[in-house]
Amino acid sequence: MNALAAFRVVASQGSVSAAAQALDTSQSSLSRHIQNLEEHLGCPLFLRQNRRMVLTTAGQQLFTTVDAGLGAISLKAQELKRQHGPGEIRIRCGHGFAHFWMLKHYPRLQRSFPQLQINLSVGPLGMRPEDGVPDLDVRLGPHPDPEWHSDLLIPEDICLAAAPKLLEKHELPNPDLQDLTRLPLLHLDRGEYGILWFGSFFERFGIPYEPDPSTLFFNSYPHVVYSAIEGRGVGIIWRGLDDGALDSGELVELPGTGLRTENGYFLTCRKAICEEAEILQLRRWMTNACARVNPPRHPPAL
C-alpha cells in the first residue's frame with residue numbers, strides 16, 4: 001500500500017523531489033518504493049527524462065486504477081471519521097481567498113462550531129492526490145464534476161486599480177482603456193481558472209492585447225494586490241478581497257473598468273455529503289458571512 005501511495009504522488013507531481021517535498025519524506029525512500037513496485041510488476045512505470053518522471057503506458061494504466069482506488073478509500077475513511085469520531089471537517093482554499101477572507105473569519109468560524117475540529121488547508125488551486133479530498137473546497141468557478149455541489153461565495157466583481165503615485169508618475173490622472181495597455185500590468189495568470197485576466201478583460205472592450213514575452217506573472221493574488229499598493233503596476237482587483245485598499249485610497253479604481261461576471265469563488269462539496277447536518281450548517285455559515293462582507297452590487301456585466 002505504501003508503494004502504491006508513493007507511486008500515486010510521484011505520478012501526480014511529475015518528479016521524485018516534488019513528491020518528497022509534498023509528503024515531507026526523503027527522495028531515497030520514494031525512489032525505493034518505485035523501484036520495488038516496478039520489480040514486483042516486472043515493467044517500468046516511469047520514463048526518466050532529465051528531472052521529470054513521465055508515466056509509461058503501463059504506468060498510466062496503473063495510475064488510473066490506483067488514483068481511483070486510493071481516492072475512494074480516503075473518502076470513505078473521512079466519512080467514517082466524521083460520522084463516528086469527534087467531528088472533523090476539512091476545508092481547503094487557495095492563497096488569495098485564505099489571505100484576504102478565510103484567515104480573518106477563521107477564529108469566528110471555529111467559535112461558531114465548538115463541537116467540530118475544523119482543519120484548514122491552504123495551497124495552490126486545484127486538488128492534489130497527496131492532500132486527500134477535502135470536505136469543503138473553495139475554488140474559482142463551480143466544480144466541473146457533476147457529483148459535486150457548488151455554492152457561490154464571492155462573485156467575480158473586479159476593477160483595474162493602481163496606486164495614486166503610479167498614475168502621477170505616468171501623468172495619467174484619468175487614463176482611458178487604451179492608455180492602460182501601455183502601463184505596467186501585474187499579471188496573475190492567462191485565465192487558466194476561468195477568471196478574467198488582462199487579455200480577456202481588454203477583449204471585452206474590443207481592445208487587442210498580448211503581453212510582452214518578457215512579462216512576469218505573479219504566482220499568487222496577494223502578491224498582485226500588494227505590488228499594486230507599492231505602485232509597481234496596475235492590478236485586476238477583486239472587491240472585498242483587497243485588504244481594504246480600495247476603501248482606504250491606497251488603490252484607486254480606474255474609471256470605466258468595473259466588471260462583474262457569473263464566475264467567482266465557490267464553496268464546493270460532494271453531493272453525497274452536502275446535506276449532512278454539520279456540512280450544511282458550515283455551508284450556510286460561510287455563504288452568509290461572505291454575503292455580509294460582499295453585499296450585491298450592480299456594475300456593468302459584459
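The lining of the largest cavity is made up of ten nonpolar residues, one polar residue and one charged residue. This is a predicted model. The cavity holds about 110 Å³ of space. A search of the whole structure finds one cavity of 30 Å³ or more. Its lining residues are Leu186, His187, Leu188, Asp189, Ile195, Leu196, Trp197, Phe198, Tyr221, Val224, Ile236 and Trp238. Helix 9 and strand 8 are the elements that give two or more residues to this lining.

Now the chain as a whole. It has 302 residues, of which 49% count as buried. Eleven helices and ten strands are found in it. Take the contacts with a separation of 6 or more: residues 24 or more positions apart account for 75% of them.

The buried residues are Tyr221, Pro222, Val224, Val225, Ser227, Ala228 and Ile229.

What do the buried residues of helix 9 pack against? Among the helices, their partners are helix 5 (95–112), helix 6 (164–169) and helix 10 (245–248). Among the strands, they are strand 6 (148–162), strand 7 (185–186) and strand 8 (234–238). Just after helix 9, glycine 231 takes a positive phi of about 85°.

Next, the pairing with helix 5. Two packed helices are described by the angle between their axes and the distance between the axes. Helix 5 and helix 9 pack at an angle of about 60°, and their axes are 7 Å apart. That angle makes helix 5 oblique to helix 9. On the helix 5 side, the contact is made by His95, Gly96, His99 and Phe100. On the helix 9 side, it is made by Tyr221, Pro222, Val225 and Tyr226. These contact residues divide into five nonpolar, three polar and no charged.

Is serine 227 buried or exposed? Its relative accessible area is 5%, and buried means under 20%, so serine 227 is buried. Leaving aside neighbours within four places in sequence, serine 227 is in contact with Leu186, Phe218, Arg232 and Gly233.

Serine 12 lies in helix 1, which spans residues 2–13. Its relative accessibility is 32%, and it counts as partly exposed. Along the chain, serine 12 and methionine 53 are 41 residues apart. Their C-alpha atoms are separated by 9.6 Å.

Helix 1 has a helical partner too. The axes of helix 1 and helix 3 (residues 27–41) come within 9 Å and cross at roughly 110°. The two helices are therefore roughly perpendicular to each other. Helix 1 brings Asn2, Ala3, Leu4, Ala6, Phe7 and Val10 to the contact. Helix 3 brings Leu30, His33, Ile34 and Leu37. The contact residues divide into eight nonpolar, two polar and no charged.

Definitions and conventions
Residues are numbered from 1 along each chain as its sequence is written. This is a predicted model: local features need pLDDT of at least 70, side-chain atom pairs count only at pLDDT 80 or more; totals for chains, interfaces and linings use all residues. Side-chain values use heavy atoms; hydrogens and water are left out. Buried means under 20% relative accessible area, exposed over 50%, partly exposed in between (1.4 Å probe, protein chains only). Helices (H or I, at least four residues) and strands (E, at least two) are DSSP runs, numbered from the N terminus. Contact means heavy atoms within 4.5 Å. On a 1 Å grid over the protein atoms alone, a cavity is a set of points where a 1.4 Å probe fits but cannot get out, and a pocket is an open set with protein on both sides within 12 Å along at least five of seven lines; lining residues have an atom within 4 Å of a point. Grid points are joined across faces, edges and corners, and a volume is the space filled by probe spheres set on the points. Ala, Val, Leu, Ile, Met, Phe, Trp, Tyr, Cys and Pro count as nonpolar, Asp, Glu, Lys and Arg as charged, and the others, Gly among them, as polar. Axes are lines fitted to C-alpha atoms, for helices over the stretch in contact, and angles run from 0 to 180 degrees between N-to-C directions. Angles under 35 degrees count as roughly parallel, over 145 as roughly antiparallel, 65 to 115 as roughly perpendicular and the rest as oblique.
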